[in-house]
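Open the model in your viewer and keep the selection tool at hand.

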Amino acid sequence: MADARIFLSPPDVGDVERKLLLQAFDSNWVAPVGPDLDAFEEQIKDQLGVRHAVALSSGTAALHLALTAAGVRRGDTVLVPSFTFAATANAVMYLGARPVFLDSTRESWNVDPELVAEELRRRARKGRLPRVVIAVDMYGQTADYDPLMEACDRYGVPLIEDAAEALGADYRGRAAGSFGLAGILSFNGNKIMTTGGGGMLVTDDDRVAAQTRHLSTQAREKEEHYEHRRVGYNYRLSNLLAAVGRGQLQRLGDMIAARRETNRYYRAALSDLSGISFMPVAGYGRPNHWLTCLLVDANQFGASRDDILATLRERNIEGRPTWKPLHLQPMFRDFPMRGGDTCADLFDRGLCLPSGSALTQQDRERVVQAVRAAAEQGA
Ligand SMILES: *Cc1c(COP(=O)(O)O)cnc(C)c1O
């Protein structure tokens, strides 16, 4: 019999989530309001140490409303890391704004704060500052917020933190998601925890929170009849899904511990191979290790990234190349890119290994054996 498939980052849900979901169902709170939604928001607020949390239908919806709250309008410029998932820049496009893409640093794979400062300086001189800077916490490691916030504060440009991949990570002891004007989280099925699809906007800003709540529920005014002064959205998370999220939150600590253990194991078990280097852990915080990623030097390793992917595929294991930089995507071709070719190299040689929190030790060993086999086949 063929070996069971090992997925990259599948949902990890069980009895706790099932029980809470059925309780919510039986309570008849089958709507985007209800006690589970309120409790889920409260728990995320506590977890992150922020004043407000608004549960939404996706991380992308949260980005859309965060950018809206920051005042992004048609024709505005928004600085966006190139090395990220398309959703980050799609939200900019929804508002008719223009992304300017920035390269990553090798030390963290996150946006280079010096490039951000340089671009802000350049644009300030021309009187064309961007409306917003977006930072992304890549694969569960935060961006470098001290220099980023310093640059943004100097020019009075708000920062929005895309922490879709980073729930549970920290930067100098402060929770991922809590930086800048607003942060966003994702509860998509492949993320560190899931509601089967969902997201959250978190902020300390009362106005941002109130406006996000308002716009996410069709911008209905407080009248008995249906009164609307703005275009709204149907972006609220359902109470049923919030119940699943409450269950996941109970297990979040264990799920993160499992992902960290996977990262530790892969590093140790592949440490004798030359030509493989894992995504660096920057000294400024603790990642959640959502996905464990590495770079392959084909000459030293004896096989390329794509050879490893092929070997994984043969053995019914799901691997993935790292994110294809957005400035190389057909749909973003016409937008400017600042910096060198670091993120292009991270894409050419980068590989994400199976990292789900339900991975067994046997699964981990199968992954390591497959990577080793790729080197031996190539040699
Ligand atoms: C997953 C992800 C998103 C989008 O979240 P959804 O909940 O899937 O809409 C945004 N940004 C990054 C970096 C992501 O990884």
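How far does a polar side-chain atom of S186 lie from an oxygen atom of the ligand? Select S186 together with the ligand: the distance is 2.7 Å. Bear in mind that this is a predicted model.

Next, show the surface of the ligand. Taken alone, the ligand exposes 380 Å². The protein buries 93% of that.

Switch to a pocket view. The ligand takes up the space of the second largest pocket. Which elements give two or more residues to the shell around the ligand? Select α3 (59–69) and α4 (87–94); these are the ones.

Now select the whole shell. It has 15 residues, and G59, T60, E165, S186 and K191 come nearest to the ligand. Colour the shell by residue class. Four of its residues are nonpolar, eight are polar and three are charged.

Leave the ligand and turn to the aromatic rings. The structure holds 15 aromatic pairs. Select one of them, F83 and W109. The ring centres are 6.2 Å apart and the planes stand at 75 degrees. Planes over 60 degrees apart count as edge-to-face, so F83 and W109 form an edge-to-face pair.

Where in the chain do these two residues sit? F83 is in the loop between β2 (77–81) and α4. W109 is in the loop between β3 (98–102) and α5 (113–125). The pair links distant parts of the chain, 26 residues apart.

Definitions and conventions
Residues are numbered from 1 along each chain as its sequence is written. This is a predicted model: local features need pLDDT of at least 70, side-chain atom pairs count only at pLDDT 80 or more; totals for chains, interfaces and linings use all residues. Side-chain values use heavy atoms; hydrogens and water are left out. A residue is near a molecule or strand if one of its heavy atoms lies within 4 Å of it. A polar contact is a pair of N or O atoms within 3.5 Å; within protein, one must be able to donate a hydrogen and the other to accept it, and residues adjacent in sequence count only if both atoms are side-chain atoms. Accessible areas come from the Shrake-Rupley method with a 1.4 Å probe; for residues, only the protein chains shown count as cover. On a 1 Å grid over the protein atoms alone, a cavity is a set of points where a 1.4 Å probe fits but cannot get out, and a pocket is an open set with protein on both sides within 12 Å along at least five of seven lines; lining residues have an atom within 4 Å of a point. A molecule sits in a cavity or pocket if more than half of its atoms lie within 2 Å of its grid points. Helices (H or I, at least four residues) and strands (E, at least two) are DSSP runs, numbered from the N terminus. Ala, Val, Leu, Ile, Met, Phe, Trp, Tyr, Cys and Pro count as nonpolar, Asp, Glu, Lys and Arg as charged, and the others, Gly among them, as polar. Rings of Phe, Tyr and Trp (its six-membered ring) pair if their centres lie within 6.5 Å; planes under 30 degrees apart count as stacked, over 60 as edge-to-face and the rest as tilted.
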